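I opened the model and went through it element by element. These are my notes, in the order in which I looked things up.

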Amino acid sequence: MRLCMVNLMAPVLIVEDDSVMQQRLRSILLEIGYADEALQFMCSIADVKCHTDFSQIALALIDLGLPDGNGIDIIESLSAIRAEIPILVISAWSSEAMIINALQAGATGYILKERDDIELKVSIRSILKGGAPIDPFVARHILSRLPMQKAAPIEAIPEASKDEADSVNLTAREHQILNLVALGLSNQEIANQLFLSRHTVETHIRRVYRKLAVTNRTKAVSRARTIGLL
């Protein structure tokens, strides 16, 4: 039985050349509530360019390793035309550079193919609700290689934003947690990462919401980026 508990975005572009993975994604999307005719499966960059009208796509699930190139090319093209479209990369583990490039190109989230169907379904549901799911392994890998960022350099922030960023006045811990929220980690994953209790993390996040004058994670990340905190 299908339970439509999220706002389905259709049609869905699925760029994946592996037939087994195609079937997995089809089954997951049908379970979420999609009709089969809303799913557009493509196997290569050439297929996408020849048969896909980006202006009609509402959601994209994209593999990076395709027979004729890198899925990042599709992400860039889609983002250039429809920057608001959620794009979830579902790919095998690749280099750190490819992951960062995919996110910079416009990917909203990144999940590994090795995750089970339940985890893939949770990630797709998250992106449908406005989230930015990042595979915990990917997030930990990136965090382990990069020092925790402070707010953007003052000279890189517009004058009006500098005043706003200063007025928010996040603590070091709150800013650290905001960075992890921006990477798509759940409250429990943040707690595990920082060796804190989930309750403590939730308390910090509520304080961040209050200081940013927002009510949810997506708005917090958007607001923080606007004023130069991320």
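Entry 1, helix H8. I began with the buried residues of H8, where buried means under 20% relative accessible area, exposed over 50% and partly exposed in between, with a 1.4 Å probe and protein chains only. In H8 I found Glu174, His175, Ile177, Leu178, Asn179, Leu180, Val181 and Ala182 buried. That is eight of the eleven residues of H8 (residues 172–182), so the helix is largely enclosed by the rest of the structure. Just after H8, I noted a positive phi of about 95° at Gly184.

The model is predicted, so I keep to its limits: local features need pLDDT of at least 70, side-chain atom pairs count only at pLDDT 80 or more, and totals for chains, interfaces and linings use all residues. Residues are numbered from 1 along each chain as its sequence is written, and side-chain values use heavy atoms, with hydrogens and water left out. Helices (H or I, at least four residues) and strands (E, at least two) are DSSP runs, numbered from the N terminus.

I count eleven helices and seven strands in the protein. Of its 230 residues, 47% are buried. I also looked up contacts (heavy atoms within 4.5 Å). Among those between residues at least 6 apart in sequence, 67% join residues at least 24 apart.

Strands count as paired if DSSP finds at least two bridges between them. Five strands make an open sheet with parallel pairing, in the order E2-E1-E3-E6-E7. E2 (39–42) and E7 (109–112) are the edge strands with a single partner each, so one side of each has no neighbour in the sheet. On average, neighbouring strands are turned by 20° against each other, direction ignored. Axes here are lines fitted to C-alpha atoms, for helices over the stretch in contact, and angles run from 0 to 180 degrees between N-to-C directions. Helix H1 (residues 19–32) packs on this sheet and touches E1 (12–15), E2, E3 (59–62) and E6. The direction of H1 makes about 170° with that of E2.

E1 and E3 pair in the parallel sense over four bridges, and Val12 has Leu59 in E3 as its bridge partner. E3 and E6 pair in the parallel sense over three bridges, with Ala60 opposite Ile87 in E6. E6 (residues 87–91) and E7 are joined in the parallel sense by four bridges, and Ile90 stands opposite Ile111 in E7. Which way do the side chains of E3 point? Leu59 and Leu61 point one way, Ala60 and Ile62 the other, and all are buried. In a regular strand the side chains alternate between the two faces of the sheet.

I located Ser44 in the loop between E2 and helix H2 (45–51). Its relative accessibility is 11%, so Ser44 counts as buried. A polar atom of the Ser44 side chain lies 3.1 Å from the backbone nitrogen of Asp47.

Helix H9 (residues 187–194) and helix H10 (residues 198–212) pack at about 110°, with axes 8 Å apart. That makes H9 roughly perpendicular to H10, a class that covers 65 to 115 degrees. Asn187, Gln188, Ile190 and Ala191 in H9 meet Arg198, Val201, Glu202 and Ile205 in H10.

How values were computed
Polar contact = N/O pair within 3.5 Å; in protein donor to acceptor, adjacent residues only side chain to side chain. Parallel < 35°, antiparallel > 145°, perpendicular 65-115°, else oblique.
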